[in-house]
Amino acid sequence: MEVALAAAQKAAAIDGLTGIMNCKSFRKNIAEILKNMSAGKCGILIDGDHFKRINDTCGHTAGDDVIRLVAQMIVGRIRTVDLASRLHGDEFAIFLSDIQDPSIGQRVMSDINVSLAEESVLRGLPAITLSAGAVFVRYGDKYSELIKAADAALYKAKSTHDGRFVLAEKPSVH
């Protein structure tokens, strides 16, 4: 019974398509981190560029293949202490632990985009880039405020649909 319960809990925390953390699990983990954290952590919200075009022109199977590839490229380029989640659709989130310099987040995203471009070609998949909106996280921040700030930065990044990285202008203040 305990094994079945543990398996069910794990399945409930994982996105079925990508095998990475789902939105509910990510939110729960971030809430725990916010309660126990020190200064200097950074969360990044990522959204796929041109994804609708892939679904419309190549079909949803190709879209699913691209989503899986994105998850693989993210997981392959972050550390084991960082978190990655598929929030929904082609929107992902990354939480980078102990990052104090926004250029590190930008470099991670650049590396993900370069790897994604190379792997797309190798696998015969349509090209996609990931735009990112990032926000610095501080002790006492609330998930809802952080996701709102990262989302606002993401919409600025997506204005060009070319894999831009934008840091939220107004980090939360306490």
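Two strands count as paired here if DSSP finds at least two bridges between them. Keep that cut-off handy for these exercises, and remember that the model is predicted.

**Exercise 1.** Work out which strands pair with S3, and in which sense.

*Solution.* Start with strand S1 (residues 21-22): two bridges join it to S3, and the two run parallel. That meets the cut-off of at least two bridges. For a landmark, look at Asn22, which sits opposite Arg86 in S3. Next, take strand S4 (residues 91-96), which pairs with S3 in the antiparallel sense over five bridges. Here Leu83 faces you as the landmark, standing opposite Phe95 in S4.

**Exercise 2.** Find the largest nonpolar core, say which element gives the most to it, and trace the contacts of Ile74.

*Solution.* The largest core has 29 residues, and Ile74 is among those with the most contacts inside it, along with Ile44, Ile46, Ile94 and Met109. Elements giving two or more residues include strand S2 (41-49), S4 and helix H5 (102-123). H4 gives the most, with eight residues. Now skip the neighbours of Ile74 within four places in sequence: Ile74 is in contact with Ile46, Ala84, Phe92, Ile94 and Ile112. Apart from this core lies another, of 20 residues, including Phe26, Leu87, Ala93 and Leu146.

Notes
Residues are numbered from 1 along each chain as its sequence is written. This is a predicted model: local features need pLDDT of at least 70, side-chain atom pairs count only at pLDDT 80 or more; totals for chains, interfaces and linings use all residues. Side-chain values use heavy atoms; hydrogens and water are left out. Helices (H or I, at least four residues) and strands (E, at least two) are DSSP runs, numbered from the N terminus. A nonpolar core is a set of buried Ala, Val, Leu, Ile, Met, Phe, Trp, Tyr and Cys residues joined through side-chain atoms within 4.5 Å. Buried means under 20% relative accessible area, exposed over 50%, partly exposed in between (1.4 Å probe, protein chains only). Contact means heavy atoms within 4.5 Å.
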